[in-house]
Amino acid sequence: MAGTRVRFGVAIAEEHLGESAPVPFQGGILEGMESAVRLGFDSVELHVRDPHTLDARMIAERADALGLSVAAIGTGLEHSLNGHCLTSPSAQARRAARDAMLRHIEFAANFSAVVFIGLIRGRAPEFAAIERTLDLFAEELLPVAAAAEQAGVPTGLEPVAYYFSNLLNTTAETVEFAQRPGLESLGLLIDTHHIVLEDPSQAEAFALAGPRITHVHASDSNRRRPGAGNVDWNEVASALDTTGYNGSVSLEVLPLPSGEEAAHRGLEHLRSVWAHLHTQRHPL
């Protein structure tokens with residue numbers, strides 16, 4: 001049903017990741033949640049290096065006290081910091097990556113949060129190996145998808161730009177991949193930064209992903225806050241409204257010129273766009 005209300009969120013992390021990481025609030029999850037509330041966000045996504053180092057119950061209780069929802073759990077740090085890869089040539093390394101994903105699913109169950117499936121896919125060593133690597137990726141995802149479905153944890157398989165990986169760049173490729181036997185329960189995470197680079201049309205990308213969308217990243221073409229690049233945000237809002245999406249639209253953006261300013265200005269821009277959409281849909 002069109003016209004449903006989205007929630008606006010922001011990425012936070014326990015670690016200090018630096019200005020090249022698209023996480024506005026770094027260096028403390030509890031502090032990040034407090035900053036998110038102060039700026040007026042409805043939800044947060046947690047970028048987690050190792051769930052076993054965090055107290056999920058304490059985080060859930062603090063989020064509840066603050067009136068925040070924990071919308072999603074990012075697994076990218078498992079790849080960028082821990083080196084895990086679901087398509088590694090080593091069976092032992094693939095098993096370690098799969099076990100890491102299962103830990104994130106267990107952690108996410110405390111919040112009913114979406115678990116990302118992004119950079120941990122790795123990349124094919126060459127163009128000719130893409131199909132073979134996708135088969136390997138699908139094989140490793142089977143137990144992950146089954147565990148998530150059993151735990152009631154939604155997943156977000158993310159189409160990513162080619163400069164990140166040569167596996168599943170477009171929304172169409174990702175939707176087709178998620179139709180493989182045993183992967184039908186996978187949801188899709190749509191990131192505006194990636195689709196503006198890889199998809200022929202933003203609107204078509206959202207329409208194609210449709211009811212599979214479990215989470216949305218709001219990030220401009222230059223990876224900075226919404227309004228700082230070439231993404232057509234009015235088209236994004238309209239397309240999401242048409243799908244009936246009512247989950248989190250979350251800022252996963254570079255903390256430039258600072259995390260605080262990127263989050264504040266990004267949220268202002270999103271609110272303005274959605275307010276304009278509401279006025280168009282429901283004129284006085």
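## Terms and model

A polar contact is a pair of N or O atoms within 3.5 Å; within protein, one must be able to donate a hydrogen and the other to accept it, and residues adjacent in sequence count only if both atoms are side-chain atoms. Helices (H or I, at least four residues) and strands (E, at least two) are DSSP runs, numbered from the N terminus.

This is a predicted model: local features need pLDDT of at least 70, side-chain atom pairs count only at pLDDT 80 or more, and totals for chains, interfaces and linings use all residues. Residues are numbered from 1 along each chain as its sequence is written, and side-chain values use heavy atoms, with hydrogens and water left out.

## Overall fold

The protein chain holds 10 helices and eight strands. Its radius of gyration, taken over C-alpha atoms, is compared with a globule rule of 2.2 Å times the number of residues to the power 0.38. For 284 residues, a compact globule would come near 19 Å; the protein chain has 18 Å, which agrees. Along the principal axes, the C-alpha atoms fill a box of roughly 60 × 40 × 35 Å.

Contact means heavy atoms within 4.5 Å. Among contacts between residues at least 6 apart in sequence, 77% join residues at least 24 apart.

## Surface and charge

Buried means under 20% relative accessible area, exposed over 50%, and partly exposed in between (1.4 Å probe, protein chains only). Of the 284 residues, 54% count as buried. The protein chain exposes about 12200 Å² (Shrake-Rupley method, 1.4 Å probe). Carbon and sulfur atoms supply 50% of that area.

There are 21 positive and 36 negative side chains. Lys and Arg count as positive and Asp and Glu as negative; His and the chain ends are not counted. Each charge is placed at NZ of Lys, CZ of Arg, CG of Asp or CD of Glu. The centres of the two sets lie 1 Å apart.

## Helix 9

Helix 9 spans residues 233–243. Asp232 caps its N-terminal end: a side-chain oxygen lies 3.2 Å from the backbone nitrogen of Asn234. Trp233, Val236, Ala237, Ala239, Leu240 and Asp241 are buried in this helix. Just after helix 9, Gly244 takes a positive phi of about 80°.

## Two contrasting sites

Thr174 sits in helix 6 (residues 171–177). Thr174 is buried, at 0% relative accessible area. Not counting residues up to four places away in sequence, Thr174 touches Leu157, Pro159, Leu168 and Leu188.

Glu106 belongs to helix 4 (residues 91–108). Glu106 is exposed, at 53% relative accessible area. The C-alpha atoms of Glu106 and Pro51 are separated by 8.6 Å, though the two residues are 55 apart along the chain.
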